[in-house]
Amino acid sequence: MRKQRKQKIGFFMALILCVLLMTACENQGAGLGRPSNPGQQTLEESEEETAEAPSSEAAAAEEEHGEEEATEKETIEEEKPKSFTLVPPTDLLAIEGFPAKVIQTNQEETVRNCFYAKALEEMLVKRTLPRIEGEPANRLAGEEGNVNAQPLNYALLDVNGDHKQELMLSYVKDDEEYTEVMEAYVFDPASESFQRLFSSHTPVRLFPNGVMETDAQEEVTLSGRERSRMITRYDPETREYGVLGTVEPWDLRAFPGRFGEDAFPDAVDENKNGIVYFLYDADGSGGETPVDEETKNKWTEKLTGGEEILVEWKSLTKENIDAEFLAVFSE
């Protein structure tokens, strides 16, 4: 009897052990137990992190690239020229064969030439010069509408060597002295305003690369038959003309002696025309000894750098202004 009881207990114990072993195996198979190779799991996790890292870097790079493209796009849009609607004057529409068209354009040359024609029309009708921002309106001498009161000539050409046309004017100013003036203006489509490049009360001579030679405004030093001359060049950064050199003549007929002491240097005056020259550099140095005309000409030619530009002046007339407008709207 006792032996049978021990057999039953042993049987139940074996049965429970089997159940426990089977449960442990199932838990291990389901991943609930300890992994068979912990090092392998660490390696797998490291590989997953490494695989995810490039994805994050790629996303960051793509985002940065997108920002750069957006900035570049904004810059391009900012630099894009303004678009203008150009309308011809009403009376031009009656001209036979003229296409009555309105131009929508951002071409700077077309816009600039149209505004030059408008400025010329204002001069003819109202006798007013191109308005410079921050300055009072300047007027031409003579009555409104009377072009014969004081003549005005104009020219469209590249004055300062920037490969763009400027509006050059020669006129008599409406002041007490009725001063003769030569000026150059440029219209800037970006700011929609006129800018004055230069203004001179004496004639100017233009040369390539923005070089200009002007006579002195007043008689100075020893000049007589010739005035002192200044050679300058346009600087696009400062938008001003900087001095390259100055020529000061000494006229024997006007001044036999310099400052009442030095006698005229006849030995220097090789062509015996009674004029010698003092040459000064940009900083005012030089000019210690006079030179003859040939030496002066070589020196100035080196500074001017080429043949003088011949200005083709046109009279301010209704016919010429119409031709300037037609050149724009017939393109």
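**First stop: the largest pocket**

The largest pocket has a volume of about 390 Å³. On a 1 Å grid over the protein atoms alone, a pocket is an open set of points with protein on both sides within 12 Å along at least five of seven lines, and lining residues have an atom within 4 Å of a point. Grid points are joined across faces, edges and corners, and a volume is the space filled by probe spheres set on the points.

The model is predicted: local features need pLDDT of at least 70 and side-chain atom pairs count only at pLDDT 80 or more, while totals for chains, interfaces and linings use all residues. Residues are numbered from 1 along each chain as its sequence is written, and side-chain values use heavy atoms, with hydrogens and water left out.

Select Arg 112, Lys 164, Val 186, Asp 188 and Arg 239; of the 22 residues that line the largest pocket, these are the closest to its centre. Which elements each supply at least two residues of the lining? They are helix 3 (108-126), strand 5 (180-188) and strand 6 (193-200). Helices (H or I, at least four residues) and strands (E, at least two) are DSSP runs, numbered from the N terminus. The lining of the largest pocket divides into 10 nonpolar, 3 polar and 9 charged residues. In this scheme Ala, Val, Leu, Ile, Met, Phe, Trp, Tyr, Cys and Pro count as nonpolar, Asp, Glu, Lys and Arg as charged, and the others, Gly among them, as polar.

Keep Arg 239 selected. Arg 239 is found in the loop between strand 9 and strand 10, and its relative accessible area of 48% makes it partly exposed. The limits are under 20% for buried and over 50% for exposed, with partly exposed in between (1.4 Å probe, protein chains only). The phi of Arg 239 is near 60°, a positive value in a residue other than glycine. Most residues other than glycine have a negative phi. Select His 163 next: its phi is near 65°, again a positive value in a residue other than glycine. His 163 is found in the loop between strand 3 (153-157) and strand 4 (166-172) and counts as exposed at 75% relative accessibility.

**Second stop: the largest cavity**

A cavity is a set of grid points where a 1.4 Å probe fits but cannot get out. The structure holds 1 cavity of 30 Å³ or more, and the largest cavity has a volume of about 30 Å³.

The structure holds 8 aromatic pairs. Rings of Phe, Tyr and Trp (its six-membered ring) pair if their centres lie within 6.5 Å; planes under 30 degrees apart count as stacked, over 60 as edge-to-face and the rest as tilted.

Select Trp 250 and Phe 264. Their ring centres are 5.4 Å apart and their planes lie at 75°, so the pair is edge-to-face. Trp 250 lies in strand 10 (residues 240-251) and Phe 264 in the loop between strand 12 (262-263) and strand 13 (275-281), so the pair ties together parts that are 14 residues apart in sequence. Trp 250 is buried at 2% relative accessibility, and Phe 264 is buried at 6%.

Trp 250 and Phe 278 form a stacked pair, 6.1 Å centre to centre with 15° between the planes. Phe 278 lies in strand 13 and Trp 250 in strand 10, so this pair ties together parts that are 28 residues apart in sequence. Phe 278 is buried too, at 3% relative accessibility.

Next, select Phe 84, Phe 115, Tyr 116, Phe 187 and Phe 194, which ring pairs link into a cluster. The charged end of Lys 118 sits over the ring of Phe 115, 5.1 Å from its centre. A charge sits over a ring if NZ of Lys or CZ of Arg is within 6 Å of the ring centre and within 35 degrees of the ring normal.

**Last stop: strand 13**

Select Asp 281, which lies in strand 13 and counts as partly exposed at 37% relative accessibility. Not counting residues up to four places away in sequence, Asp 281 touches Leu 244, Gly 245 and Trp 299; contact means heavy atoms within 4.5 Å.
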